[in-house]
Each structure stands twice: as structure tokens, then as C-alpha cells.
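Hello,

Here is the structure you will be working with. My notes follow below it.

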Amino acid sequence: MNEHLVADKLRRYRLALYTNITVWVLQSCIYFFWADSKSLLGDALHSLSDTIVIAGIVYLTAHELAHPERKHDAIDRRFTRGAVLLLLVSAGYVLWEGVGRILYPEVYPAGIVIGVTLVAIVGSFLAHRTMSGVAQSMQDHKHRASIMHVLADLVISLVVLASALGTILFGTPALDGWGAVVVAIWMSVRGVALWRKAGHETRS
């Protein structure tokens, strides 16, 4: 094991973790105190799931650096499945809230949502760039899964941005609900795919 490369990987993942935590806290504060946007709620919950996944990889990488002679497959699978369960439960909640917003539209400050979503997009981009700098030899299945998580978060933020812009341009707050439904479906698809991947690794 090249300890220098593992240490660099740990540093990059810590930077990505701090970026994700900052974005999640900002999104949560905006949702709870200023803008009751259901699509923003979905984005925030997905950011929380990403943060947990990256935190797990930070822990595993630090443990690998401290104990290079040990295997970490079982811990890796537990972290992955725990994050997937959180993602699926969150998706169900977002879907419920989104359908409610479609049936009973409510006006919300879409301008604030656009502002915080632009910050989230920048944060996801920076996290992706930081994690992509990991050496090729260090890019294992955990790395690829985390990269996909961050890219998914970027896509979800774009959906939230589109629904907020549509609400402003067309005066239809129900678009926020439809955006939440799209976010929930995306979260569910990603969750099932990651769960199957973890199961496949268990059998292999």
C-alpha cells in the first residue's frame, strides 16, 4: 500500500466532506426557516445521504491508513447499506411531500431557493473535482460509488433549480411538487442500484 497516496485520498475526501456538510446545513436552514420548498427538501436529504457516505469513506480510509494489514470489506458494506436505507426512507418522505404539494400548491420564495441551489451546484462541482483528483490506483468501488453520489446530487440540484425557475416564470408552485417527485424517483433508483451493488460484492 502506498501510504502517501492513501493520505492524499483521505485529505481529498475530508475536503469533500466539509463542502457537503456546509451545503447541507445551508439547505436545511433555508428550508426550515425561509422557503418551504419540497424539491429543496429532497435535495437537502440527498445531500445528507451523500455526507454520510463520504464520512464513512473518510473513516474507512483513515482506518486503512492506520491498519494497512487489515481488510475492511464488512465495514464497507455496512456503511453502504446504512446510507442506502437512509436514502430510500428519505425518498419516500420526499415523494409524499411532493404529491401533497402537487395536490395543494403553496407559494414559496422561489428566489431564495434559486440562490441556495446555485450554491449547492457549486459545492457539488467542487466536491466532484476534489474527489476526482484521487490517484487512479486508489479509485476503488467505494470511490466510484461516492463519485456517482456527488454527480446525482448535482443533477438533483439542477432539477430543483428548474422547478424554482418554472415557478417564478409561470406562477405555478405545483412545479415544486413535480420537482420533488423527480428527486424522489432519482433517489430511489440510486438507492436500489447501490443496494444491489453491495449485495453483489457480498457474494463475490
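Leucine 15 sits in helix H1, which spans residues 3-33; helices here are DSSP runs of H or I with at least four residues, numbered from the N terminus. This is a predicted model, in which local features need pLDDT of at least 70 and side-chain atom pairs count only at pLDDT 80 or more, while totals for chains, interfaces and linings use all residues. Residues are numbered from 1 along each chain as its sequence is written, and side-chain values use heavy atoms, with hydrogens and water left out.

Leucine 15 counts as partly exposed because its relative accessibility is 40% (buried is under 20% relative accessible area, exposed over 50%, partly exposed in between, with a 1.4 Å probe and protein chains only). Together with Tyr18, Ile21 and Val25, Leu15 forms a nonpolar surface patch of about 340 Å² accessible area. Areas come from the Shrake-Rupley method with a 1.4 Å probe, and for residues only the protein chains shown count as cover.

Beyond its neighbours within four places in sequence, valine 113 is in contact (heavy atoms within 4.5 Å) with Ala35, Ser37, Leu40, Tyr108, Val160 and Ala164.

Serine 90, in helix H3, is buried at 7% relative accessibility. Leaving aside neighbours within four places in sequence, serine 90 touches Leu45 and Met187.

There are 2 aromatic pairs (rings of Phe, Tyr and Trp, the last by its six-membered ring, with centres within 6.5 Å; planes under 30 degrees apart are stacked, over 60 edge-to-face, the rest tilted). Tyrosine 31 and phenylalanine 32 have ring centres 5.1 Å apart and planes at 75 degrees, so they are edge-to-face. Tyrosine 31 is buried at 12%, whereas phenylalanine 32 is exposed at 61%. Phenylalanine 33 and tryptophan 34, with centres 6.1 Å apart and planes at 70 degrees, are also edge-to-face, and both residues are exposed.

Regards

Definitions and conventions
Patches are made of residues with over 30% relative accessible area and no salt bridge: like charges are joined within 9 Å, nonpolar side chains (Val, Leu, Ile, Met, Phe, Trp, Tyr) within 5 Å. A salt bridge is a side-chain nitrogen of Lys or Arg within 4 Å of a carboxyl oxygen of Asp or Glu. Helices (H or I, at least four residues) and strands (E, at least two) are DSSP runs, numbered from the N terminus.
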